[in-house]
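Hello,

Here is the structure I promised to pass on to you. Have a look at it first, and then read my notes below.

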Amino acid sequence: MAVKITETALRDGHQSLMATRLSTEEMMPIIEKMDLAGYHSVECWGGATFDAAVRFLKEDPWDRLRKLKKGFKNTKLQMLLRGQNLLGYRPYADDVVEYFIKKAVEDGIDIVRVFDALNDFRNLETSVKAIRKEGAHAQVAISYTLGDTYTLEYYVKKAKAAETMGADSICIKDMAGLLLPYEASRLIEAIKEETSLPVQLHTHYTSGVASMTYLKAVEAGADIIDCAISPFSMGTSQPATEVMAETLKGTEYDTGLDQPLLQEIAEYFQPVRDEALKSGLINQKILGVDVMTLSYQVPGGMLSNLISQLKEQKAEDKFYDVLKEIPLVRQDFGDPPLVTPSSQIVGTQAVLNVLAGERYKMVTRESKALLRGEYGETAKPVNASVREKALNGEAVITCRPADLLKPELPDAENEIEKWKKQEEDVLTYVLFPQPAMEFFQYRQAQEDGLDIGLAQDGAYPV
């Protein structure tokens, strides 16, 4: 069975290695060749690309999507969506979720990979229904992690629930590179036996096992694997596209990708990587193998975030204390997979616990929200005494969190009436109110012929 490859360079590749700073202008010259390479799909939108485009690049992410759709005539465009959290960091009302998916599909997305940080599938219901309604492919992703809760039976049960929900395919989303090769074999075989859906595997090279994991997964029946063209591969990104294509060449799993074209694509992106290394946008630390990932189950991006937090507090000597504290906080918080936003919540709380010298002396607003159930239901019950200390008697949410949210679009439409130039602007504003307003002001200034540069502090003429 030929194996298909999803190319991640335009989304997760540059998000993992160069802080999601690849611009539309840098993407466009190579689109035509990428379109002819033979990819199953190109992941090019969603994740942090939306936020980074608006906040740092002062680009309209919707315009990027429309341009990419125009350029990719033969290849499906894919995005990553955080379920009820969309591309932001909190749950949004159903009207926002439905309208966002409508506009994303309308502007060019063919495949929507949707996941929930807690694997609480109640947070995927609205998304999956909307994706199917708009005629796109709904891929339900299961966040992979380790722990006594996360057994083979757990993942098979989630896969069957995804099929029942109406998923068109299933993705195992291994964001920290924790899935070991032989475990991948067992997992893929079990899911293929119990469901009739195509299975895609997504992992990261962080721990050093990803290529071997892909090989065993393919032999076990995985239909699609996520890879990044070599300049944006390895480290905290995915295995290299050319390497996996060459590995499988001439076997029953041959990807059929055009290797000479892949080389041309790699040659195009190499100077971009070189420049990012030179400027410091790519940190050398994230390019190697970090075996601590397997010990502490901490994704590469989370590690670098912890280091910067400790540097700011002049407490870098506490790094290993924080690493030891993370699994303890995670356990107290119901053993969630460490992926956005739960990874940031657990990591920041661990830093506070260590720096304060007392556990939960200070509790972040996001930690309280997680303990209260605002993000959904955790795999295991949270620590009752920690919850009591943090919430101080506040009521706990047991329903689907979005059931408590009133429609958000009407108020948002009124608030941006002065700045609105396209229907999608209201969605940009709901997801990221302050960065969106700064972008709208920047856009208006550009239209008025004012050369004001990429200000980061919102200092634009209102």
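How many helices and strands are there in the chain? The answer is 21 helices and eight strands. Please keep in mind that this is a predicted model.

I began with the overall form. The chain has 462 residues and a radius of gyration of 22 Å, which agrees with the value near 23 Å that a compact globule would have. Along its principal axes, the C-alpha trace spans about 60 × 60 × 45 Å. As for contacts between residues at least 6 apart in sequence, 74% of them join residues at least 24 apart.

Next, the surface and the interior. Of the 462 residues, 59% count as buried. The chain exposes about 18,700 Å², and carbon and sulfur atoms supply 50% of that area. There are 52 positive and 70 negative side chains, with the centres of the two sets 3 Å apart.

Is Gln78 buried or exposed? Its relative accessible area is 0%, so Gln78 is buried, the cut-off being under 20%. The side chain of Gln78 makes a polar contact of 2.7 Å with the side chain of Ser41. Leaving aside neighbours within four places in sequence, Gln78 is also in contact with other residues, among them Val42, Glu43, Cys44 and Trp45. Thr6, Ile109, Ile111, Arg113, Gln139 and Gln200 are on that list of contacts too.

Terms used: Residues are numbered from 1 along each chain as its sequence is written. This is a predicted model: local features need pLDDT of at least 70, side-chain atom pairs count only at pLDDT 80 or more; totals for chains, interfaces and linings use all residues. Side-chain values use heavy atoms; hydrogens and water are left out. Helices (H or I, at least four residues) and strands (E, at least two) are DSSP runs, numbered from the N terminus. The radius of gyration is taken over C-alpha atoms; the globule rule is 2.2 Å times the number of residues to the power 0.38. Buried means under 20% relative accessible area, exposed over 50%, partly exposed in between (1.4 Å probe, protein chains only). Contact means heavy atoms within 4.5 Å. Accessible areas come from the Shrake-Rupley method with a 1.4 Å probe; for residues, only the protein chains shown count as cover. Lys and Arg count as positive and Asp and Glu as negative; His and the chain ends are not counted. The place of a charge is taken as NZ of Lys, CZ of Arg, CG of Asp or CD of Glu. A polar contact is a pair of N or O atoms within 3.5 Å; within protein, one must be able to donate a hydrogen and the other to accept it, and residues adjacent in sequence count only if both atoms are side-chain atoms.
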